[in-house]
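Let's take a walk through a protein model together, one piece at a time. Keep the picture open beside you as you read, and look for each part when it comes up.

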Amino acid sequence: MRYRLNVNDATREVDVPPEMPLLWVLRDELGLVGAKYGCGAGLCGACTVHVNGAAQRSCQLKVADIGQAKIHTIEHIGATPVGERLQQAWLKIDVMQCGYCQAGQIMSACALLGRNARPSDAEINSAMAGNICRCGCYHRIRSAIRIAAGLAEEDGHAA
Amino acid sequence: MPRELLAGRLDRRAVLKASLLAGGGLALDVLIPFPVNALEAQGAGAARLSAFVSIASDGTVTIMSKNPEIGQGIKTSLPMIVADELDCDWGQVRIAQADLDQARYGEQYAGGSTATPRDWMPMRQTGAAARAMLLQAAALKWGVDAGELATSKGRIHHAASGRSAGYGEVASAAAALTPPELSTLTLKRPDQFTVIGRPVVGVDSHRIVRGEGIFGVDTRLPGMLYAVYEVAPAHGGRLVKAEIAAATRSPGVKHVLPIVGNGDADSGLADGIAIVASSWWLANEARSKLQVEWDLSAAQGHSSSVYRAKADAAIASGAGADLRVDGDPTGQLAAAARRITARYDYPFIAHAPLEPQNCTARYADGKLEIWAPTQTPQRGLDQLHKVFGIDPQAVTLHLRRCGGGFGRRLVNDYMMQVVAIARELPGVPVQLLWSRHDDIRRDYYRPGGWHHFEAGIGAKGELVAFSDHFVTFGDGKTTARAAGFNAAMPPAGLVEHLRYSQSMMPTVVTTGALRAPGSNALCFASQSFLDEVALAAGTDLPHLMLTLLGARREIAPPGGGVPFDTGRARDVIEKVIETSDWARRPAQPGRAKGFAFYFSHRGYFAEVVEASVAGSAVTVHKVWVAGDIGSQIINPMGADNQVRGAVIDGLAQALAGQAIEFVDGAVQQSNFDNFPLARMPATPEVDIAWVRPDKSPTGLGEPALPPAIPALTNAIFAATGTRIRSLPVRLASA
């Protein structure tokens with residue numbers, strides 16, 4: 001089946017089965033490898049993208065159900081003010097260890113700040129609970145979100 | 001200089017060789033010394049070179065990073081060492097990932113927290129040698145003595161004349177010089193370091209936050225196809241026959257290849273059916289259309305319940321082969337004023353790195369090119385030779401960033417599988433990716449184990465005798481991979497009368513090293529039991545440990561190896577007693593602190609966990625860590641992250657419910673719903689304090705993990721009176 005998708009503010013055409021999850025359309029058809037495969041079951045959040053601004057697990061979205069929804073991925077997020085602030089905060093305290101989950105973490109964080117510009121720690125915990133970091137960088141993820149939200153001065157690497 | 005620094009130096013026979021970069025600039029090679037016969041076998045002039053540093057004429061310094069990056073930060077920290085001795089500005093440095101070429105770069109391996117102790121001195125010498133050559137080139141240019149020159153941030157200065165030059169201006173001239181003798185190199189004093197010891201952002205981090213494709217699974221090649229590898233539903237299963245026609249007709253599928261391995265799933269190639277398609281998802285979808293007959297007879301009886309029953313029988317028999325006997329443990333245990341016994345166990349657990357196993361390969365014209373996220377690329381090359389007879393000279397192996405390692409990628413089974421496929425499809429690049437289910441059910445698991453402890457306590461509360469009968473897995477002669485005991489485990493060497501013994505049972509399940517192998521399990525069992533001993537003796541675990549450690553001295557393990565320094569152990573224990581305010585116990589009922597200490601992978605770590613228990617729910621509030629990995633933390637930015645990650649990892653092993661279980665060799669877990677990992681809401685506050693003795697720096701991937709688990713379970717006992725003797729923690733609801 002042919003589909004016309006709105007990905008990162010551009011129209012992209014693919015010819016794939018209707019059940020193919022968006023994750024694999026992005027990775028194997030469109031060459032956008034920033035969204036990662038971790039579980040294939042919506043359990044880890046590594047594949048998180050934005051669908052009309054909301055964080056969604058792209059491994060659970062069938063291409064046939066996307067229609068004209070606006071898809072944004074980590075490759076594009078730096079072009080948004082919140083996304084850029086998050087990227088800078090991530091680098092300021094060097095959040096990552098292996099880094100594999102971080103695209104999904106940033107996408108979830110970006111959606112959070114999009115709907116709640118000044119989240120509490122409890123709200124951050126709740127919004128980020130679906131994103132696994134196997135290396136355990138959770139302190140720094142939380143700190144980077146606070147920095148990007150203007151809630152914390154840089155509190156050093158020992159975030 | 002501390003004695004042990006010398007051990008890591010470049011061999012005195014090593015010589016340096018300089019060469020010009022294309023387009024000008026200096027490339028400094030270090031000739032790694034080889035046994036004479038090896039050099040002769042290569043023929044004259046076949047000296048194999050190791051290149052780490054090059055400097056372009058614009059002053060840009062390129063440093064080769066030789067080791068696999070798995071999240072431990074080595075791709076940043078080793079080049080930091082080179083850059084510091086080179087005395088250049090970190091901002092002018094570019095890092096390039098080296099392909100596998102151990103003759104050129106030395107050991108390229110990520111495991112056992114070994115890289116820092118092994119490479120600390122050679123990396124310093126490499127940087128210092130390049131700096132010496134740049135100085136010499138400037139001295140010749142200006143007609144002055146090199147001793148009159150100084151360097152700073154990638155520039156050379158001559159104070160007397162006020163002249164200065166950037167490294168790039170003299171790099172070409174430096175490349176024409178004879179490299180210095182290693183013995184003439186002057187290394188910096190620690191107070192002169194400008195890069196080492198400063199928090200440095202990871203060299204790939206800016207690419208990661210933009211979603212660039214730098215991981216193994218992101219490898220994209222023109223015309224590449226994607227593959228899955230269907231293996232038997234139980235460990236030890238063999239392929240009998242496969243009906244592949246339906247799968248072959250599945251959308252997008254290009255090839256379906258039944259592959260008969262060599263019967264050695266542990267270190268060879270497992271039987272499987274490869275499905276190769278235009279997209280990974282299409283390949284994976286076609287699996288359901290396979291009809292495969294497997295021979296699962298070897299897996300019969302390999303069930304968790306059977307393993308438990310066998311362990312019960314082994315412990316009840318009291319038998320076991322002695323691993324270590326000091327003094328008269330039998331007599332002293334019998335004669336002790338009090339004797340306490342307890343049994344501990346822990347399950348198999350999976351590594352579950354977030355990037356599932358994968359590998360990409362292209363085979364063409366007798367040449368093999370591989371893009372591998374692996375911790376042990378050389379072992380992969382050796383295994384390819386063993387399994388397929390592939391000439392290592394015909395292989396180019398690119399190291400790709402790994403989305404976590406934790407020991408899983410010490411084994412290269414996925415590399416064998418993708419090469420088996422690529423050999424069938426000459427000229428076609430193939431990327432093999434495992435599903436999460438594949439990754440959970442075909443791990444090289446941290447093996448389960450059982451311990452029966454006995455301790456004899458004297459009339460004055462002193463520990464007089466100690467024994468541990470360990471039940472593990474093996475063929476009766478040797479233990480399975482990562483299923484061995486550590487005969488130096490405390491309190492060995494600290495108590496006069498001691499027995500460590502071992503029984504084993506066979507398993508068809510593949511086992512392997514998980515972060516802090518051995519220690520991650522032995523520390524839980526032994527430090528929990530010693531907590532019982534301490535309380536029975538009327539003291540607490542940190543003070544029992546301090547008493548046992550006694551005077552400051554080094555204890556050599558039986559059979560050689562890294563000595564245990566009781567003074568360094570004392571110092572971290574005393575430090576965490578102080579930082580955690582150990583003497584102050586939480587006032588709230590159901591809330592308490594627990595302590596544990598361990599020495600592993602050359603690191604000394606003492607940790608205190610404060611936790612509360614309400615019904616079956618455990619909340620960890622705070623963890624205090626005191627660690628000693630030598631005089632120098634190379635990158636504090638990374639070190640802090642490693643410790644936090646290790647603590648969170650250990651707590652999740654105990655609290656999240658991690659256990660891999662088998663029924664007739666078939667793994668019962670499949671994904672993160674039934675093999676849970678740590679998540680943000682459960683993350684406690686972590687306080688880290690370093691003790692920095694005048695000892696050579698050692699690694700940090702592992703040693704902070706082991707004490708986190710018994711510190712937690714000892715806290716649970718202190719809070720509730722319930723002793724956790726089995727992992728994962730499962731408390732009954734109140």
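Predicted model: local features only at pLDDT ≥ 70, side-chain atom pairs only at ≥ 80, totals over all residues.

We begin with two neighbouring strands: β11 of chain B, residues 253-259, pairs with β12(B) in the antiparallel sense over six bridges.

Now turn to another partner of β12(B). Strand β9 of chain B, residues 225-230, also pairs with β12(B) in the antiparallel sense, over five bridges. Here B:Tyr226 stands opposite B:Ala277 in β12(B).

How many of the residues of β12(B) are buried? Six of its six residues are, in a strand that runs over residues 272-277. You can check this one face at a time. On one side sit B:Gly272, B:Ala274 and B:Val276, and on the other sit B:Ile273, B:Ile275 and B:Ala277; with every one of these buried, both faces of the strand are covered.

Seven strands of chain B form an open sheet with mixed pairing, and their order is β11-β12-β9-β19-β16-β17-β18. Which strands lie at the edges? They are β11 and β18 (395-399) of chain B, each of which pairs on one side only. From one strand to the next, the twist averages 20°.

Follow the sheet to β18(B). Its partner is strand β17 of chain B, residues 367-372, and the two pair in the parallel sense over five bridges. B:Leu368 stands opposite B:Val395 in β18(B).

Helices lie across these strands too. Helix α12 of chain B, residues 377-388, lies across β17 and β18 of chain B and runs at about 150° to β18(B). Helix α13 of chain B, residues 413-424, lies across β9, β11, β12, β16 (358-364), β17 and β19 (430-433) of chain B. The angle between α13(B) and β16(B) is about 30°.

Next, consider chain B as a whole. Chain B has 19 helices and 30 strands. Its radius of gyration is 28 Å, while the globule rule gives 27 Å for 734 residues; the two values are close, so chain B is as compact as a globular protein of that length. Along its principal axes, the C-alpha trace of chain B spans about 80 × 70 × 50 Å. Buried residues make up 56% of the 734 residues in this chain. Among the contacts in chain B with a separation of 6 or more, 78% are between residues 24 or more positions apart.

Some details of the backbone of chain B deserve a visit. A cis peptide bond joins B:Pro490 and B:Pro491, with omega about 15°. B:Pro491 lies in the loop between β21 (463-473) and β22 (497-505) of chain B. Another cis peptide bond joins B:Leu727 and B:Pro728, with omega about -10°, and B:Pro728 lies in the segment after α19 (708-720) of chain B.

Now look at phi. B:Asp87 is not a glycine, yet its phi is positive, near 65°. This residue lies in the loop between α3 (74-86) and β5 (93-97) of chain B. Is B:Asp87 buried or exposed? B:Asp87 counts as buried because it has 25 C-beta neighbours inside 10 Å. B:Arg602 is not a glycine either, and has a positive phi of about 75°. You will find B:Arg602 in the loop between β25 (591-600) and β26 (603-614) of chain B. B:Arg602 counts as buried because it has 25 C-beta neighbours inside 10 Å.

Let's move on to chain A, which is divided into domain 1 (2-76) and domain 2 (80-148). The centres of these two domains, taken over C-alpha atoms, are separated by 20 Å. 14 residues of domain 1 of chain A are in contact with twelve residues of domain 2 of chain A. On the side of domain 1 that touches domain 2, β3(A) gives the most, with three residues.

Finally, where do the chains meet? The contact takes 49 residues from chain A and 50 residues from chain B. On the side of chain A that touches chain B, the largest share comes from α6(A), with five residues. By class, that side has 28 nonpolar, 14 polar and seven charged residues.

Definitions and conventions: Residues numbered from 1 in each chain as written. Chains lettered and ligands numbered in written order. Helix = DSSP H or I, 4+ residues; strand = E, 2+ residues; numbered from the N terminus. Buried ≥ 20, exposed ≤ 12 C-beta atoms within 10 Å, placed from the backbone. Contact = placed C-beta atoms within 7 Å. Nonpolar A, V, L, I, M, F, W, Y, C, P; charged D, E, K, R; others polar. Rg over C-alpha atoms; globule rule 2.2 N^0.38 Å. Domains from an automatic or database assignment. Pairing = 2+ DSSP bridges. Axes fitted to C-alpha atoms, helices over the stretch in contact; angles between N-to-C directions.
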